[in-house]
Amino acid sequence: MRRCGVLALLAAVVLVTPVTEAAKPIVVGEHVSAGFETLHPYQSSGSAQPVLTWTDVVEYPDAVYIAVHFARMDLGDGDYVVVRSPDGAQQWTYTRFGRHDLGATPEGFFATHIK
């Protein structure tokens, strides 16, 4: 069965350093949980040319970076997932079971963060 389950965990970093704010806690990160997933099994193109099967957008206003957590990844041969910034300047491609095959473990894996 080909699956790609995504649990988006977003991290927002806000640094507040004015003297008047020094006594207040500083927000250094936030986890936001949302689930996204393909159909199970997802449809593969079956051809030599890549075909877009699924897309989602993860946004968090004012975040310094976003790190998406994949709870499970089990892609077919030749299939891949691209995690990228909106402008395409940062992008990482994951195949089969993702980073170091961690998509096949109960813990899953975090994609490289997007600034």
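**Exercise 1. Work out what S4 and S5 form, and how many residues sit between them.**

Start with the ends: strand S4 covers 80–84 and strand S5 covers 91–95 (strands are DSSP runs of E, at least two residues, numbered from the N terminus). The two make a hairpin with six residues between them. In that turn, Gly88 has a positive phi of about 80°. Next, look at the pairing: S4 and S5 run antiparallel and are joined by five bridges (two strands pair if DSSP finds at least two bridges between them). For one of these residues, Arg84, the bridge partner in S5 is Gln91.

Keep in mind that this is a predicted model, where local features need pLDDT of at least 70 and side-chain atom pairs count only at 80 or more, while totals for chains, interfaces and linings use all residues. Residues are numbered from 1 along each chain as its sequence is written, and side-chain values use heavy atoms, with hydrogens and water left out.

**Exercise 2. Sort the side chains of S4 by face.**

Val81 and Val83 point to one face and are buried (under 20% relative accessible area; exposed is over 50%, partly exposed in between, with a 1.4 Å probe and protein chains only).

**Exercise 3. Decide whether Ser85 is buried or exposed, then find what it touches.**

Ser85 sits in the loop between S4 and S5. Its relative accessibility is 3%, so Ser85 counts as buried. Leaving aside neighbours within four places in sequence, Ser85 is in contact with Gln90 and Ile114 (contact means heavy atoms within 4.5 Å).

Definitions and conventions
Helix = DSSP H or I, 4+ residues; strand = E, 2+ residues; numbered from the N terminus.
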